[in-house]
Amino acid sequence: MKLKKQVTVCGGAIFCVAVFSLYLMLDRVQHDPSRRQSGGNFPRSQISVLQNRIEQLEQLLEENHQIISHIKDSVLELTDTGAVSPSGQLPFRSANGSWVLPFDGRPTFLAVKPQDCQFALGHRGQADLQMLDVYSLLSFDNVDGGVWKQGFEITYEPTEWDDEPLQVFVVPHSHNDPGWVKTFDKYYTEQTQHIFNNMVVKLTEDPRRKFIWSEISFFVKWWESVDTLKQEAMRKLILGGQLEFVTGGWVMTDEANAHYFAMIDQLIEGHQWLERNLGVIPCSGWAVDPFGHSATMPYLLKKANLTSMLIQRVHYSIKKHFASTRSLEFMWRQAWDPESGTDLFCHMMPFYSYDVPHTCGPDPKICCQFDFKRLPGSRVNCPWKVPPRAISETNVAERAQVLLDQYRKKSKLFRSKVVLVPLGDDFRYDKALEWDQQYINYQKLFDYMNSHPEMHVQFGTLTDYFSAVYKANGVVMGARPPAYPVLSGDFFVYADREDHYWSGYYTSRPFYKNLDRILESHLRGAEILYSLAVSHARHARMEGRYPTSDYSLLTDARRNIGLFQHHDAITGTAKEIVVIDYGTRLLRSLIGLKRVIINAAHFLIMKNKDVYRFYQTEPFLETDDRRATQDSLPQRTLIELESSPRYLVLFNPVEQERLCLVTVLVNSARVRVLTEDGQTLPVQLSAQWASAVQMSGEVYQASFMARLPALGLAVFHLYDSADSPMTLRSDTLLRLPGHSQSVRGVDPLPVRSQAADPQPFYIQTQSLMLGFSGTTGLLESVRRKDDAQEVRVQMQFFTYGTRPSKDKSGAYLFIPDGNAKPYMQKDQPIVRVVEGPLFAEVVAHYQHFQQTVRIHNVPGVDGLSLDITTLVDIRDQTNKELAMRIVTDIQSEGTFYTDLNGFQIQPRRYLQKLPLQANFYPMPTMAYIQDSQYRLTLHTAQALGASSLASGQLEVILDRRLMQDDNRGLGQGLKDNKRTANRFRLLLERRSSRSRTVDSAPVSFPSLLSHMTSAILNHEVLALPVIPKKRGVPPLRTFSPLAAALPCDFHLLNLRSIQNQDSHSPSPHTALLLHRLGLDCGLEAHNPGFNCTTTQGKLAVAALFRGLDLQLLQPMSLTLMHAGTPLSNGSAVALEPMELATFKIQLH
């Protein structure tokens, strides 16, 4: 009764405040001259005035509608839950069967400004080539084109170059994979170091010789191993323009599976090294080997101030179409760009490959004759059976004529009379002989050709070529040449011939795809905590006592994660021995990052910094989990309870306050959990299961609801206490295929068992009710409690085989033997149903997978989606791929949406004219289907291949085991499968009645709730137990770094300490990377569990960090190479929706 009174009073007060605010606003509007009607011709009658007042009131009511409705929601939430303080009433079960929890007394609201919703609805810059339309237009018929098999015959008139001579830039290059069939170190030792050593000598011999290099990881290893004489010789070549660094990333990143956090981080690592050691700033991008190209890449390069880029692996039918319309060079624009600010000039290579036979012109038989490494006597020859001939005075005229014909034909595919001819291949130029063979023979050809006025041929760098194109078109570097087309969209799925679609690697080796994302979350968390800890240590003049040497652990992790973004690493397309090498590096870095996090957390949670002492050999905190080997699943740390408190520190890596369920392992069932200020929290005690039917006797799971500060560290106390009335046991039911197994509970956790029956069964929380099949134990339906309608969401499992003919699926290719077949096993599954006050879950045990579907009884983001873990083990299978299919009644009609690199959403269309494997796309973080009523989003914590093969379906390939190579150079199948935990969140959202039309525009955005769901899935809370001390634990306190909440459409991508110029230690500067998210506000908004507001893209950085002074705020290019004018420290920065921005800041 007392509570009802409090709620009524609270609600009444909020209503009064809202009405009074409206009155004041109205009053202000009336007296505000700027708001008055212009003209003033209408009669000033009382009716007019009253009418104006009513219109203004309506407008203000509309603007405040959202805030008031969310205040109302919060008040309702208070009344619904019968809110009591945690120390009062226990959780109890309401009449409808769902658990009612003590509310934590913090009503929260969502206030998204209407202006911040306009971007998703707004005007888009017009593109001449929209890739979705190109796909609809083409027939993909693969007609034999003659010598250019996948193209067409090219003809020209010899007089075409009379007025404007042909300019040809031959660009020598060597494509060096940082790991593929050999490890990174083995490649370096056996090949790459010799390329650099020869380069220094051979480029110096003739100033006309040029070369380009891409992979900074290899260059750094060489630079750090040679003497200063070699370094100076190399520096001279770079400054003289003979050697150009292209893209300048740590690696040539994969573009399908890589997350934009890691793509940017490896670009920063490469660029920062180049700037610090060589003063070099790359201006052209070079991506000849990633297997398909993402629209995220041109945006990142544009933000890093590069002016042009080149791509190569694009579907052969698209290459042919672009060649026939002379659209191989275009301005690549982001689909969401309202104007042309994101445009980047892009060159698409026209032919099959980046090797010499496919780069001089359309006829590989002829081009191969100009790859002088293949001269007779070499170990490499020409498959077309006509070898190269060394150039001499007697044959130069004839040879030059043959080559010129190819150059001219190639130039006909482009709009300018400037031709780019790359000259290289994988690991080329590792022998001094090849440098001589290529450069000397080509120079003879050039000297002869240049004696004729209609052409000019020379060695060049990539930027030499692009500069000549801009000059020929009379525009500045990076500007759009007149009449060149604008393109938006991406270049997936790649096919290099026939129906060989490279959609297999979207899933290959999912264990490491998952490990990569865990590493990225740890790196981001470690960067943020390290930067804050060092800043606070400086502020407290304790820098000397803090282990700033942890910076070397950050560098190591940046470089190992950067290395793994390589297009044969995260892709799962390297040899087994190389995969082990990557895995070992990643595990080493994971251990290092956990140390950085623990050391930073130790300093930041000390109440009295004077008693802070750091001992290298005595960590203050334990890690949350451990991995025995690089290819094993993590084991969570067990907290051994005592009657005296064990302290637990929870780190929230998300930039918003977080209300969530946390589960830890304890050794006692009598666990009691207290907040920092001594309030007892409800705990759900559950069993740790040793097998499908057997509980562990010594270990228990303790789950509790925690509210954690944004990017902060919260302290909790855990006791072994005989008096723990707030600890409630889970109710466990085992549904068995008959009563064959005996099942025993472990005191004090009882377990019931029953024979499975076909009737559906349900679990529920205050937000959701889920229905499951009694037969399969798999999800059948989802009902949101605010919606009367039960929505069919059916989980099914299928397997794909591979074609019986010669071309089979492998690490790269997906070549199925027809449609998927339903997954079958002889025995019915064992199904475990666990229910309790804080969560409910259903675990279905099958032979090759185990699926856990869990829902959290928590207000806000954590309680609005289904937490799904699918543990997969297909090590006993042969040529099988396991797929998870979600079947619904959503009328998606062949349209579905997948993300690109976690950065943006790309609409997709299922195309009947293409084979099944061509309709699978990369899904790094999410995929969704929708209709006028619902949107269903599958969020993922690892990149996998996904599709929608029929209306209302979403399908994901979970793992693939393939016994043979697919003839793309790897020489192995995929036989090193691991037990892999694939993690997802499934979110069902309802369209608000205002936006029931689903637009078919080439752009789409997640909702705010969807963005946040992705964030909590990808950035798990780290539970770090304090190690008991003989001397006792000093007083600890929660660390809340942010003084003000970040607008909830901002993502803090990184807070990255910048390295000192001369040492492996941090400089006083930090890079602050921000991303303003694009939002779809057309889905019903829900209370997120924290105060969420938007600010039209404005952020006051000076007021952001609690207890620190901002001494520098300087806008920078994405990778910190180009500096803007420093802003006054008090100024707010402003970001447009979707914009990524980097600032150099100094905190003290």
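The exercises below treat the cavities of this predicted model.

**Exercise 1.** State how many cavities of 30 Å³ or more the structure holds, and give the volume of the largest cavity.

*Solution.* Step 1: the count at this cut-off is 14 cavities. Step 2: the volume of the largest cavity is about 590 Å³.

**Exercise 2.** Describe the lining of the largest cavity by residue, element and class.

*Solution.* Step 1: this cavity is lined by 45 residues, and the closest to its centre are His 1011, Ser 1014, Ala 1015, His 1019 and His 1051. Step 2: two or more lining residues come from each of the elements α8 (260–278), α15 (510–539), β19 (658–666), β39 (904–909), α18 (1008–1018) and β47 (1050–1059). Step 3: α18 gives the largest share, 6 residues. Step 4: by class, the lining comprises 22 nonpolar, 15 polar and 8 charged residues.

**Exercise 3.** What is the volume of the second largest cavity, and which residues line it?

*Solution.* Step 1: the second largest cavity has a volume of about 120 Å³. Step 2: its lining consists of Met 131, Leu 132, Tyr 135, Ser 136, Asp 490, Phe 492, Gln 906, Pro 907, Arg 908, Arg 909, Leu 911 and Tyr 921. Step 4: the classes are 7 nonpolar, 2 polar and 3 charged residues.

Definitions and conventions
Residues numbered from 1 in each chain as written. Predicted model: local features only at pLDDT ≥ 70, side-chain atom pairs only at ≥ 80, totals over all residues. Heavy atoms only, no water. 1 Å grid on protein atoms, 1.4 Å probe; cavity = no way out; pocket = protein on both sides within 12 Å on 5 of 7 lines; lining within 4 Å. Points joined across faces, edges and corners; volume = space filled by probe spheres on them. Helix = DSSP H or I, 4+ residues; strand = E, 2+ residues; numbered from the N terminus. Nonpolar A, V, L, I, M, F, W, Y, C, P; charged D, E, K, R; others polar.
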